[in-house]
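Thanks for making the time this morning.

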Amino acid sequence: MKLSQFKFRLPEEQVALYPPHRAFTNEDGTIERVYSRDKARMMVIHRKRQEIEMYKKDAEGKDTKEFMTFRDLVNYFDEGDTFIFNDTKVFPARLYGTKEKTDAQIEVFLLRELNEELRLWDVLVEPARKIRIGNKLFFEDDGPMVAEVIDNTTSRGRTLRFLYDCDHEEFKRELFALGEAPLPRYIVDHRSADADDMENFQTIFARHEGAVTAPATGLHFSRELMKMMEIRGYNFSYLTVHCGLGCFDSIEVEDLTKHKMSSEQIIIGEECCRLVNDTKAQGRRVCAVGVSTARATESSVGTDGLLKPYDGWTNKFIFPPYEFGLSNALLANFYHPESTMMMLTAAFGGYDLIMEAYDLAVNNGYQFGCYGDGMLILDD
């Protein structure tokens, strides 16, 4: 397929800058927001029937005027069905420092720790043209956190050595205390991260630290929704995908077969495999929660259709046409034009049907992006 086949007009006001919420204006003019993770809209795609649902049903099974929300997903699954969640934990990867001598403000985006003993980190810097090997960056006016640039890796990439003499755990605490939630650029270009974002940009089941962006579809799950699902007898299985920035990389080629995805670390344990494979053997639904989860399972499913344990990296790029080997249901968000996440969604639901769903979403005011609305794609 071609890149241009995934182009559409997305109005700026339909890019979600906050999670679903109600806003109140206080007497002093400040705005207070009450967030509700599971109150985002949810569209349901039936890929075999070629049908799209947007509205809640009345007692007679007819459409109402009320849009479905994420909580309504419980109406589409049965006892014994299994959901696969990504339990990666986002760390506060974006911080700001000043360059020595010039005091220019530099954004530093932490990607991964390269060497624990030497305090080496792979980072992105902005503006990159001002940062050269040998420069020092200061992260507090009078504080001890200082970093030296020791290598250029890409046009924006640098290797930093943090000059901080303490044990590793204390260093990590101090470093992360300086950071903020690593919201996507399409949000921070319109507003700064606030205190609520470090909680909002984290799933409630996050356990294993290592992601620099959230597995967005997992953000819709509240404790109340998870309890409803548990009561109904749904199974929860967990794997880990440390989400990187590769999903946000712009695609520079028209022919999608020539695009190379950045690698992400995935860890799939024996227990996850056992639960998922037992569910498949019983003929029940297996639902991948988010495109990161779908990429991970498709990277480790065998030719027998069973999930295999895996601890490594994947750069798998999924776009139509593609035959999925494991999940028969997918939960996803509405993503930006020409994004790899949108392409995987189209591969799962079918290109024409997903493009129709995106057209409906734009025309009906759905919100897009990591804090935006979601869709459920079913194999029926």
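Pro127 sits in the loop between strand 11 (120-126) and strand 12 (136-138), where strands are DSSP E runs of at least two residues and helices are H or I runs of at least four, both numbered from the N terminus. The peptide bond that leads from Glu126 into Pro127 is cis, with omega near 0°. This is a predicted model, in which local features need pLDDT of at least 70 and side-chain atom pairs count only at pLDDT 80 or more, while totals for chains, interfaces and linings use all residues. Residues are numbered from 1 along each chain as its sequence is written, and side-chain values use heavy atoms, with hydrogens and water left out.

A cis bond also joins Pro320 and Pro321, with omega about -10°, and Pro321 belongs to the loop between strand 19 (310-314) and strand 20. Most residues other than glycine have a negative phi, and most peptide bonds are trans. With that in mind, which phi does Arg119 have? Its phi is positive, about 60°, although Arg119 is not a glycine, and Arg119 lies in the loop between strand 10 (105-115) and strand 11. Arg119 counts as buried because its relative accessible area is 9%, the cut-offs being under 20% for buried, over 50% for exposed and partly exposed in between, with a 1.4 Å probe and protein chains only. Gln50, in the loop between strand 3 and strand 4 (51-53), likewise has a positive phi of about 60° without being a glycine.

Let me turn to helix 4. The buried residues of helix 4 (residues 223-231) are Leu225, Met226 and Met229. Seen down the helix axis, these residues fall within an arc of 100°, so they line one face of helix 4; the arc is taken over the directions from the axis to the C-beta atoms. On the face turned away from the buried side, helix 4 carries the exposed residues Arg223 and Ile231. Strand 7 (82-86) and strand 16 (235-242) are included in what covers the buried residues, with contact meaning heavy atoms within 4.5 Å.

Next come the rings. A search of the whole structure finds 30 aromatic pairs, where rings of Phe, Tyr and Trp (its six-membered ring) pair if their centres lie within 6.5 Å, and planes under 30 degrees apart count as stacked, over 60 as edge-to-face and the rest as tilted. Phe91 and Phe176 form a stacked pair, at 5.1 Å centre to centre and 15° between the planes. This pair links distant parts of the chain, 85 residues apart, with Phe91 in the loop between strand 8 (88-90) and strand 9 (94-99) and Phe176 in helix 1 (residues 168-177). Both Phe91 and Phe176 are buried.

Finally, the cores. The largest nonpolar core has 57 residues, and those with the most contacts inside it are Met43, Phe201, Tyr358, Phe368 and Met375; such a core is a set of buried Ala, Val, Leu, Ile, Met, Phe, Trp, Tyr and Cys residues joined through side-chain atoms within 4.5 Å. Apart from this core lies another, of 27 residues, among them Val123, Leu160, Cys166 and Val212.
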